[in-house]
Amino acid sequence: MIDKEDFGPITRSRRRATITSAKSETVKLRNGAIAAASDLKSGPKARESLTKNLQLNEDSKQKCDRYDKISCHRLQESMLSSASSFKNYRGILNWCVVMLVLSNARLFLENILRNGILVDPIQVVSLFLKDPYSWPAACLVIVSNIFILVALYTERKLAMGSISEKVGLLIYIFNLTIILCFPMVVVLKLPSITPVGGAYALGVYTILFLKLYSYKDVNRWCRERTQAKARSLSRSLSLSNTMTSDDMRIYIYYFVFAPTLCYELNFPRSESIRMGFLLRRLFEMTYFISNVLSIVFQWMVPIIRSSMKPLQEMDYSRMTERLLRLAVPNHLIWLIFFYWFFHSSMNFVAELLRFGDREFYRDWWNSETITYFWQNWNIPVHKWCLRHFYKPLLRRGAGKLLSQSAVFFASAFFHEYLVSVPLRMFRLWAFMGMMAQLPLAWFVARFLRGNYGNAAVWLSLIIGQPIAVLMYVHDYYVTHCQDDPTIAEAL
Ligand SMILES: CC(C)(COP(=O)(O)OP(=O)(O)OC[C@H]1O[C@@H](n2cnc3c(N)ncnc32)[C@H](O)[C@@H]1OP(=O)(O)O)[C@@H](O)C(=O)NCCC(=O)NCCS
């Protein structure tokens with residue numbers, strides 16, 4: 001029977017207090033029952049108390065159900081309201097993925113129906129080679145060994161004290177300047193190098209430049225410490241002095257192949273090579289590179305070709321439409337490239353060399369500011385910038401803004417170098433894109449917060465890159481391929 005009193009006017013606090021007390025009673029009783037059960041062996045008295053407890057437990061459960069029937073509301077926010085603490089959007093994420101797959105499947109079908117299969121293995125090879133018997137980019141990469149050996153030889157002489165620090169520095173400056181200029185001259189002068197082959201060779205030389213710069217700095221820091229601390233050296237710092245020349249050669253080559261730009265005398269090493277991990281990364285590398293090539297030939301090239309006419313006629317509405325169309329495959333390629341390079345390839349090389357530090361990227365996708373993005377998307381470059389450029393500038397008394405601008409200026413120079421030289425045209429789009437990061441970083445930090453900041457970072461990546469791509473491709477076609485009958489036909 002329900003008490004008469006139960007049907008009287010119930011205030012919210014009273015109702016909540018009643019329910020809470022009923023619930024706590026249940027918990028208490030249940031606990032009591034468990035405690036009694038553990039005492040079962042102690043005799044019939046305990047058994048009797050357990051039965052009583054269970055009976056009470058059942059009663060209070062019924063009481064609770066009665067209250068639930070009477071009151072079914074409580075003070076609470078709607079789930080989608082920002083005031084609610086609800087955070088689990090996994091289902092919505094899955095919905096996004098399903099929608100993405102469906103819309104891309106439609107696009108894929110439409111593309112195939114309209115263009116047929118455009119991926120041609122011969123064309124893929126011709127991206128790298130003009131003549132199958134001439135491999136200029138590969139030769140350029142092999143020649144780079146000379147510069148590694150010059151650095152090694154200089155370091156050995158410096159370690160032995162055969163040459164002074166000044167002479168060593170001059171040799172390094174000469175060596176590093178040639179590392180940047182020599183491939184540039186070859187790529188610009190040699191017609192047999194394709195733009196992709198040239199970009200690959202220049203990429204290798206740029207990485208080598210950054211590595212040997214770090215090699216020079218770290219060895220000098222070690223010598224300075226050795227001189228300062230003469231005898232009380234830590235083992236790691238004295239390593240270069242105890243290394244034989246063969247060890248030094250092996251070690252510099254280990255550094256050249258290791259997935260880092262910052263030299264160190266004792267790299268952290270993993271215990272063994274995990275074959276399963278290695279094969280998974282290898283599979284990803286081949287799978288994703290074929291994905292990128294398919295997207296380029298099947299999806300991007302037709303859009304780029306159809307963008308030439310609006311670009312030449314300065315038809316703004318069509319230009320914007322083509323730009324937005326290009327943004328999707330371009331962004332997909334960029335995302336795949338990120339995973340392919342920073343996760344699959346770097347981990348593959350690291351595993352092979354048992355290189356222990358696998359922090360090649362951090363959670364840049366959560367960036368709410370442009371600064372956070374640059375601190376987290378390419379850790380090897382960011383680490384190098386901090387260690388060999390930004391902090392030395394700060395230590396010399398340069399201001400923070402000046403040092404940041406100098407780093408972005410150097411980065412803009414290398415971006416332009418890697419794009420303009422292989423394409424054999426100087427338009428400064430990449431340079432300006434990189435330099436624009438400074439005012440953009442200021443704007444986003446000043447006016448946007450949280451999710452809006454994150455959306456601004458994504459937007460700059462999704463829209464900013466295809467603008468630069470379209471500019472370069474347009475200029476490249478205009479200067480190099482205007483007489484190509486296939487392109488003329490497409491236009
Ligand atoms: C320019 C850049 C290096 C600035 O980095 P940042 O992390 O924003 O710089 P911060 O001012 O926050 O300081 C970073 C470090 O310098 C230290 N620092 C700051 N002021 C200092 C000073 N006056 N003296 C010494 N150290 C100082 C900080 O303590 C911090 O050290 P920590 O890394 O050990 O914590 C970074 O934005 C960058 O890498 N940009 C280029 C990226 C790029 O071009 N990437 C190419 C990818 S393709």
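Predicted model: local features only at pLDDT ≥ 70, side-chain atom pairs only at ≥ 80, totals over all residues.
A polar contact is a pair of N or O atoms within 3.5 Å; within protein, one must be able to donate a hydrogen and the other to accept it, and residues adjacent in sequence count only if both atoms are side-chain atoms. Residues are numbered from 1 along each chain as its sequence is written, and side-chain values use heavy atoms, without hydrogens and water.

**His415**
- UniProt, in an unreviewed entry, lists His415 under "active site"; such annotations may be inferred rather than shown by experiment.
- His415 is partly exposed, at 38% relative accessibility (from 20% to 50%, with a 1.4 Å probe and protein chains only).
- Leaving out residues up to four places away in sequence, His415 touches Ala430 and Met434 (heavy atoms within 4.5 Å).

**The ligand**
- Of the 19 residues around the ligand, Gln375, His382, Tyr390, Lys400 and Ser411 come nearest (a heavy atom within 4 Å puts a residue near the ligand).
- A polar side-chain atom of Ser411 is 2.6 Å from a ligand oxygen atom.
- For Gln375, a polar side-chain atom lies 2.7 Å from an oxygen atom of the ligand.
- A side-chain N or O atom of His382 sits 2.8 Å from a ligand oxygen atom.
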